[in-house]
Amino acid sequence: MARRIAAGAAYGGGGIGLIGAAAVGVFLAEVQLAKRQVGGGTAPVPPSADGRYGVAFAGPNDPLRLGMLGDSTAAGQGVRRAGQTPGALLASGLAAVSERPVDLRNVALPGARSDDLERQVSLLLADPARTPDVCVIMIGANDVTHRMPATQSVRCLTTAVRRLRTAGAEVVVGTCPDLGTIEPVYQPLRWLARRVSRQLAAAQTIGSVEQGGRTVSLGDLLGPEFAANPRELFGPDNYHPSAEGYATAAMAVLPTLCAVLGLWPESDRLDGSRREDILPVAKAASQAAREAGTEVTGARAPWALLKHRRRRRLPASTETEPAAAPSPHPGAAHGHT
């Protein structure tokens with residue numbers, strides 16, 4: 001199914017659905033029930049985390065430039081401090097590993113679907129002199145909840161990855177989270193949400209890898225860990241992650257972010273004990289969608305590398321609050337609302 005969705009996205013198909021028509025009535029009824037319970041608390045507006053991280057590492061090298069794109073998860077909705085957002089956590093970790101300052105620009109928009117990525121990419125690429133070195137995209141949850149056609153969703157994502165890669169930026173995509181882990185969601189919606197989320201995540205992986213990006217599965221991070229600690233890892237609205245939840249996701253993405261920038265050596269040897277393998281891209285995407293923190297990167301077509309990188313603890317010594325942004329883009333508005 002993921003391969004069919006990705007193919008439809010690439011070749012213009014738009015009629016491939018993720019769930020059968022017979023399930024739609026039950027699905028919509030359960031959605032309405034879940035909506036009445038999700039959001040019992042109010043998620044604060046995400047704080048702006050734009051700025052420079054790792055100022056202690058200032059030296060002759062120019063700062064690395066990190067761009068964040070996507071929806072409320074990329075924006076950090078659910079926390080109140082800038083340093084608790086995933087962008088700030090990744091910028092701090094990247095600064096500590098590279099021993100260089102990192103300039104973060106976050107154009108993610110709470111509530112955004114994949115069709116908003118065109119606008120977000122345009123914001124990041126508006127100034128050719130400040131093209132990001134690497135971008136992280138977290139998108140997909142709102143595509144599922146708003147029943148955006150999967151082929152359209154993947155087409156928008158792959159276009160965004162292609163534009164960023166053409167501009168010279170490396171790209172890491174955190175694929176669609178598993179919406180079946182949201183606490184107020186009951187069966188059969190929980191099963192449907194999990195199935196839809198994983199199918200979209202796998203299709204996102206195929207499309208992103210084929211455009212030269214890498215992906216990290218976030219689905220199961222909102223699975224066993226979130227299910228075991230829902231009060232700790234979900235925010236006050238029972239929907240968005242808490243500070244601890246964002247830190248868990250950031251720890252999964254950071255190793256791939258560092259690897260794509262060549263900040264630690266890549267090994268050609270696959271670790272069988274960690275279930276690493278080289279597989280057809282569709283099979284690698286399917287396996288990644290079932291296990292959190294799994295990285296998929298392209299090899300020689302149609303193959304892909306499936307990696308389970310060791311999670312790195314986020315550094316405690318590097319500041320996680322931004323310094324003042326060095327020189328804001330003229331006329332470039334931030335993506336938060």
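Reader: In which helix does Ala-288 lie?

Author: Ala-288 belongs to helix 12, which covers residues 281-289. Helices here are DSSP runs of H or I with at least four residues, strands are DSSP runs of E with at least two, and both are numbered from the N terminus. The model is predicted: local features need pLDDT of at least 70, and side-chain atom pairs count only at pLDDT 80 or more, whereas totals for chains, interfaces and linings use all residues. Residues are numbered from 1 along each chain as its sequence is written, and side-chain values use heavy atoms, with hydrogens and water left out.

Reader: Why is Ala-288 called buried?

Author: A residue is buried under 20% relative accessible area, exposed over 50%, and partly exposed in between (1.4 Å probe, protein chains only). Ala-288 has a relative accessible area of 2%, so it is buried.

Reader: Which residues does Ala-288 contact beyond its neighbours within four places in sequence?

Author: Contact means heavy atoms within 4.5 Å. By that rule Ala-288 touches Ser-217, Thr-294, Val-296 and Leu-306.

Reader: What makes a group of residues a nonpolar core, and which residues have the most contacts inside the largest one?

Author: The members must be buried Ala, Val, Leu, Ile, Met, Phe, Trp, Tyr or Cys, joined through side-chain atoms within 4.5 Å. The largest such core has 33 residues, and Leu-66, Leu-90, Val-136, Val-253 and Leu-257 have the most contacts inside it. Among the elements that give two or more residues to this core are strand 2 (64-70), strand 4 (134-138) and helix 11 (243-260). Helix 11 contributes the most, with eight residues. A second, separate core has 17 residues, including Val-107 and Leu-157.

Reader: How do you know that strand 2 and strand 4 pair?

Author: Two strands pair if DSSP finds at least two bridges between them. Strand 2 and strand 4 share five bridges, in the parallel sense.

Reader: What makes strand 1 and strand 7 edge strands?

Author: Nine strands form an open sheet with mixed pairing, in the order 1-3-2-4-5-6-8-9-7. Strand 1 (51-53) and strand 7 (277-280) each pair on one side only, and they are the edge strands.

Reader: Why is the meeting of Arg-130 and Asp-103 called a salt bridge?

Author: A salt bridge needs a side-chain nitrogen of Lys or Arg within 4 Å of a carboxyl oxygen of Asp or Glu. The side chains of Arg-130 and Asp-103 meet at 3.6 Å, N to O. Arg-130 is in the loop between helix 5 and strand 4 while Asp-103 is in strand 3, so the pair ties together parts 27 residues apart in sequence. Arg-130 is partly exposed at 24% relative accessibility, whereas Asp-103 is buried at 7%.

Reader: What makes Glu-295 and Arg-214 a link between parts of the chain?

Author: Their side chains form a salt bridge at 3.2 Å, N to O. Glu-295 sits in strand 8 and Arg-214 in strand 6, so the pair ties together parts that are 81 residues apart in sequence. Glu-295 is buried with a relative accessible area of 1%, and Arg-214 is buried with 14%.

Reader: How many disulfides does the structure hold?

Author: A disulfide is a pair of cysteine sulfur atoms within 2.5 Å, and the structure holds zero of them. Among the cysteines, Cys-258 is buried at 0%, and Cys-156 is partly exposed at 21%.
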